[in-house]
Amino acid sequence: MTDKIISMKEAVQQFVPDGATLAIEGFTSLICFAAAHEIIRQQKRDLTLCRLTPDVIYDQMIAAGTARKLVFSYLGNPGVGSLYAVRRAVEKGIPRPLEIEEYTHFGMIGRYTAGAAKLPFFPLRSNTGSDLPAHNPGIKTVKSPYADGEEISVVPPLNPDVAIIHAPRCDRSGNTQFWGLMGMQKEVAFASQHVVIVVEEVVDEAVIRADPNRTLIPDLIVDAIVVEPYGAHPSYVQGYYDRDNPFYLDWGERSKEVEPTAQWLDEWVYSLPDRPAYLKKLGAETLARLKPGPALSEPVNYGIYT
Amino acid sequence: MSDYTASEMMIAVAARHLIDARTVFVGVGIPNIACNLAIRTGNPGLALIYESGVYGAQPARLPLSIGDPTLVTGSTAVMPMNDLFMYYLQGGLVDVALLGAAQVDRFGNLNSTVVGSDYTHPKVRLPGSGGACEIAINAGRILNITRLSKRTFIEKVDFVTSPGFLGGRAERAALKMPGAGPDKVITDRCLLDFHPETGEMRLAALYPGSTVEDVQAEVGFALAVAPEVGEVAPPSAEELRIMREELDPSGLYRG
């Protein structure tokens, strides 16, 4: 078994070159802010950022000027309101112009799925009747070759250069297990050329093998592992910590103007060397506030077959 | 002056329209409270489906977002999002979906993408579809919850994010969409439905204290009126008690 554990700094240096097409997915949960902050610190440029919901993570990356293009399906601060930095970039070119490519959620899901399965397109019952295809030439239709000859909407595959995927745990070779909301973590991993797994904890291979149904991403497609507890804050990891909703609400206010946005990036990203420093600054009290009580599942019996 | 808020009325009316559904595709805020009210007032088997990949959620607190961890703990199933969109939604397992929008038009088409006619230079950039487009196409029927306003209820939406009847029922039917489309629009003053043949939006029933004129004054097109306009009963004492004591004690969404 190869040990793939490296630091976040190394992972970003090695796998996120300027101009890369990058996906940091995770639907509300498992959003790897630790990676985003390191990308901002290393002042990466001209990235194409892919995500169903750009969320605060891409709002921060776009405010910091790392991106050239955004591929997405829902542009909002979930449960709060607008993503102001994204809107400033799109509407006013601040800090630099941002090209957008828009799909529906199912469209993005289909794109990753086709990308993962190495198929030329993904057919879906969506887009029809909406105005989206008129503004996105990537959304087309095909006629079914079978008897009914149905005309169906299709979206093209999406194969990012690199996916950075937050997860609860993996072993040292990258076999990665999930519980809680899985979003598109599995599909984006299989679709991407390189995969960096970021976990709350690395566990022994025996722990993974004791519950193989939970393994969604195999070591086969994993290039590197970064161990970064609380690396998804202010999003969350089921059972490890809660979503920091006050943070999202605060960002909703702060991000309305350029200056307080830049100030936050200075204070919480540029001025800090790494994630442990961020956690120290965040403080034990906040981390304690986000700690959930236990809700354990019943173990299942896989059986011994000799 | 009534002793309940417009939001409480909307929640109660939405809950009553979920009384015979098996599954509902739901978001946060008023829709979430409406579903939980329906569960406590006559449809205990109603299963909540969230686009984040949850079937049978039983949230122990009011979720701020549709990906709140409280939706996961104690739910019936949690799945990758493509399972949810492919097998549950597109597979035809969603009876009703609750949607809102920045603009609604005469045929129930919804806009949550841009305000203004130029997509590339919009007056206001809204969030976009998320799952709304495929929900509008595939869910059994759509309940729209939107407050009346001339800016919101307009003749033709600036951008069709989620298709209703497009130019009329025949146009939607020609596209063979699996879902029946718009069923009701639940506003803060009245209940709207859609003409059974044309698909045109109509005033179906008034809330206590509202008149046809009041409603028309808040709609940006000549609103058709159903042959018999009913009156919707106000929230019952029990509905109000459940909302206020159990579902939204802080009044975050009821206000």
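In which sense do strand 6 (residues 103-105) of chain B and strand 11 of chain B pair, and over how many bridges? In this predicted model, the two strands pair in the parallel sense, and 2 bridges lie between them. Within that pairing, B:Val104 stands opposite B:Phe153 of strand 11 of chain B. Both strands belong to an open sheet of 3 strands in chain B, whose order is 7-6-11 and whose pairing is mixed. Strand 7 (110-111) and strand 11 (153-154) of chain B form the edges of this sheet, each of them pairing on one side only.

**Strand 10 and its partners**

Strand 10 (residues 141-145) of chain B is largely enclosed by the rest of the structure, because 5 of its 5 residues are buried. From this strand of chain B, B:Arg141, B:Leu143 and B:Ile145 point one way, whereas B:Ile142 and B:Asn144 point the other way, and all are buried. Strand 10 of chain B runs parallel to strand 5 (residues 96-99) of chain B, to which 4 bridges join it, and B:Leu98 stands opposite B:Leu143 in this pairing. Strand 10 of chain B also runs parallel to strand 12 (residues 182-186) of chain B, again with 4 bridges, and here B:Ile142 stands opposite B:Pro182.

| Strands of chain B | Bridges |
|---|---|
| Strand 6 and strand 11 | 2 bridges |
| Strand 5 and strand 10 | 4 bridges |
| Strand 10 and strand 12 | 4 bridges |

**The interface between chain B and chain A**

Turning to the contact between the chains, 43 residues of chain B are in contact with 42 residues of chain A. The area buried between chain B and chain A is about 3,600 Å², and carbon and sulfur atoms give 64% of it. On the side of chain B, the residues that lose the most area to chain A are B:Leu64, B:Met81 and B:Arg125, which together account for 18% of what that side buries.

Polar interactions are also present, with 20 residue pairs in polar contact between chain B and chain A, counted where both residues are at pLDDT 80 or more. Helix 3 (81-89), strand 9 (124-125) and helix 4 (132-138) of chain B each supply at least two residues of the side that touches chain A. By class, that side of chain B has 24 nonpolar, 13 polar and 6 charged residues. The count of salt bridges between chain B and chain A is 2; one salt bridge joins the side chains of B:Arg61 and A:Asp242, at 2.8 Å from N to O.

Notes. Residues are numbered from 1 along each chain as its sequence is written. Chains are lettered from A and ligands numbered from 1 in the order in which they are written. This is a predicted model: local features need pLDDT of at least 70, side-chain atom pairs count only at pLDDT 80 or more; totals for chains, interfaces and linings use all residues. Side-chain values use heavy atoms; hydrogens and water are left out. Contact means heavy atoms within 4.5 Å. Buried area is the accessible area (1.4 Å probe) that two parts lose on being put together, summed over both. A salt bridge is a side-chain nitrogen of Lys or Arg within 4 Å of a carboxyl oxygen of Asp or Glu. A polar contact is a pair of N or O atoms within 3.5 Å; within protein, one must be able to donate a hydrogen and the other to accept it, and residues adjacent in sequence count only if both atoms are side-chain atoms. Ala, Val, Leu, Ile, Met, Phe, Trp, Tyr, Cys and Pro count as nonpolar, Asp, Glu, Lys and Arg as charged, and the others, Gly among them, as polar. Two strands pair if DSSP finds at least two bridges between them. Buried means under 20% relative accessible area, exposed over 50%, partly exposed in between (1.4 Å probe, protein chains only).
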